[in-house]
Amino acid sequence: MATLKAVRGTRDLLPPETALWNQIEATARSVFARYNFGEIRTPIFEDTSLFSRSVGEETDIVSKEMYTWEDRARAQSEKAQSLTLRPENTAGVVRAYIEHKLGETGQLQKLYYIGPQFRRERPQKGRYRQFYQIGAEVMGPPSAGSESPLRDAEVLEMLATFLDELGITGWTLQLNSVGSAADRARYNETLRAALAPLAPQMCPDCQRRAVTNPLRVLDCKVPEDQPLIATLPMIAASLDDASKAHFAAVMAALDAAGVPYVRNDRLVRGLDYYTRTTFEFTHGGLGAQNALLGGGRYDGLSESIGGPKAPGIGFAMGEDRLVLTLQAQQAAETQLAHAYLAPLGEALNAPALRLARELRRGGLRIELGDGGFRLKKSFDAAEKTARRIIILGEDELQSGILTVKDFASGVQTKVPRGELVRFLSAPTHE
Ligand code: AMP
């Protein structure tokens with residue numbers, strides 16, 4: 001008999017890796033609590049129409065990736081209900097918000113969730129059919145300030161704090177605005193016109209989208225289509241004054257809070273419910289599946305599934321990808337020496353050996369260079385083998401103050417010789 005295996009695209013999570021999952025979840029709970037979020041747990045399956053009405057019929061998720069089945073009818077006269085394993089959690093949270101009349105409190109609802117989601121995608125590294133998301137939503141009646149750009153900036157600042165506390169370095173926040181529903185409708189028409197002569201040269205999916213939902217063409221990943229997509233008009237030109245002002249206020253608040261971002265005019269995201277602010281945090285270490293998390297504002301979502309006006313903003317992080325990033329970072333950090341010690345000139349070789357001995361006796365991994373190397377050669381060697389470089393010249397030897405340059409941050413610090421072991425032992429992201 002053939003041995004049974006976990007289904008394609010699903011995996012077992014085993015120790016010691018599960019400790020990392022728990023650490024990520026504990027950090028999320030702790031950070032979100034400081035922003036006064038509470039946890040919500042919604043069912044793993046929902047009525048199929050919840051997703052088709054919110055995520056959108058024309059999206060990849062709804063048109064080809066959902067696990068959907070007909071439930072058994074209770075009585076012969078009854079129609080079987082179509083059920084779907086949740087492919088994302090925002091729709092479930094908004095349904096719960098409507099069902100429990102949370103809007104009637106008059107307050108903002110700040111809810112986070114942690115749990116599995118299901119999409120029938122082509123499995124690869126960082127992409128699974130059962131994957132895990134940690135996400136949060138801020139929504140409420142407009143009178144509670146739910147439309148304010150401050151909410152967008154606060155959520156983005158919270159995400160930057162979360163990634164920093166987790167120790168994930170090197171992330172990029174990509175930011176865009178897709179405007180109001182009216183702006184998007186206008187942009188869709190502009191795109192439709194621009195696509196009419198181009199679509200016949202594009203992939204079959206784009207040919208269909210060019211007619212049904214032109215915005216989705218911007219999600220196309222087919223390499224041959226990219227040069228044509230690059231010629232399409234940008235959404236920024238279709239934003240009305242109110243949307244432009246909202247976006248400017250989000251960016252101003254991020255600047256004031258010191259959260260770095262880059263604008264990406266092509267970021268429209270793969271779900272239909274987004275309005276105004278859309279964003280992704282990406283990480284170079286992830287390869288093709290480089291999005292750590294994504295999200296945006298969804299001012300019309302509640303109404304589109306029969307609820308009251310309840311603008312909001314939210315995000316979902318791929319927990320699997322947070323784990324992969326942390327693992328890769330830890331592997332890189334443990335392979336690299338704490339520091340590369342570069343003597344400036346051959347006369348400094350012997351004092352450098354002595355300093356290296358001190359540091360190694362302090363438990364540090366030290367790569368010792370050679371005073372015969374030019375400085376550039378020392379730097380090249382140091383960047384390949386260590387997290388930092390320490391230059392030892394005559395001045396440093398006499399003064400007992402060493403300059404330490406950290407490669408990840410680019411920061412240079414002057415450290416007294418007696419403090420070096422303690423300084424170099426600290427994690428580099430601090
Ligand atoms: P989305 O719900 O599509 O906006 O995705 C939000 C985040 O969830 C992405 O940035 C990924 O980190 C993660 N994600 C989405 N789909 C998958 C998948 N199939 N496998 C693993 N992570 C995923």
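Residues are numbered from 1 along each chain as its sequence is written, and side-chain values use heavy atoms, with hydrogens and water left out. Because the model is predicted, local features need pLDDT of at least 70 and side-chain atom pairs count only at pLDDT 80 or more, while totals for chains, interfaces and linings use all residues.

**Domains**

The protein is divided into domain 1 (17-180 + 240-330) and domain 2 (337-425); the bounds come from an automatic or database domain assignment. Between the C-alpha centres of domain 1 and domain 2 the distance is 45 Å.

**Ligand site**

The ligand is surrounded by 16 residues, and the closest are Arg119, Glu121, Tyr128, Arg269 and Ala291. A residue counts as near a molecule or strand if one of its heavy atoms lies within 4 Å of it. By class, the shell has seven nonpolar, four polar and five charged residues. In this scheme Ala, Val, Leu, Ile, Met, Phe, Trp, Tyr, Cys and Pro are nonpolar, Asp, Glu, Lys and Arg are charged, and the others, Gly among them, are polar.

Three strands, β6 (130-139), β10 (291-297) and β11 (312-318), each supply at least two residues of the shell. The largest share, four residues, comes from β10. Strands (E, at least two residues) and helices (H or I, at least four) are DSSP runs, numbered from the N terminus.

| Residue | Protein atom | Ligand atom | Distance |
|---|---|---|---|
| Tyr128 | polar backbone atom | nitrogen | 2.8 Å |
| Gln133 | polar side-chain atom | oxygen | 3.0 Å |
| Leu293 | backbone N or O atom | oxygen | 3.4 Å |

Taken alone, the ligand exposes 490 Å², of which the protein buries 92%. Accessible areas come from the Shrake-Rupley method with a 1.4 Å probe; for residues, only the protein chains shown count as cover.

**Five-stranded sheet**

An open sheet of five strands runs in the order β13-β12-β14-β15-β16, and its pairing is mixed. Two strands pair if DSSP finds at least two bridges between them. β13 (366-368) and β16 (412-416) are the edge strands, each pairing on one side only. From one strand to the next the twist averages 25 degrees. Axes are lines fitted to C-alpha atoms, for helices over the stretch in contact, and angles run from 0 to 180 degrees between N-to-C directions.

Strands β14 (residues 388-392) and β15 (residues 401-406) pair in the antiparallel sense over four bridges, and Ile389 stands opposite Lys405 in β15. β15 is also joined to β16, by five bridges and again antiparallel. Here Lys405 stands opposite Gln412 in β16. β15 and β16 form a hairpin with five residues between them. Gly410, in the turn of this hairpin, has a positive phi of about 80 degrees.

**Three-stranded sheet**

A sheet of three strands, also open, has the order β2-β4-β3 with antiparallel pairing. β2 (45-47) and β3 (68-70) stand at the edges with a single partner strand each, so one side of each has no neighbour in the sheet. Neighbouring strands of this sheet are turned against each other by 30 degrees on average, direction ignored.

Three bridges join β2 to β4 (residues 82-85), with Glu46 opposite Thr84 in β4. β3 and β4 likewise pair over three bridges. Thr84 is the bridge partner of Thr68 in that pairing.

**Backbone details**

Most residues other than glycine have a negative phi, and most peptide bonds are trans. Asn36, a residue other than glycine, has a positive phi near 65 degrees, and Asn36 is found in the loop between α1 and β1 (38-39). A cis peptide bond joins Pro15 and Pro16, with omega about 5 degrees. Pro16 lies in the segment before α1 (17-34).

Methods:
Polar contact = N/O pair within 3.5 Å; in protein donor to acceptor, adjacent residues only side chain to side chain.
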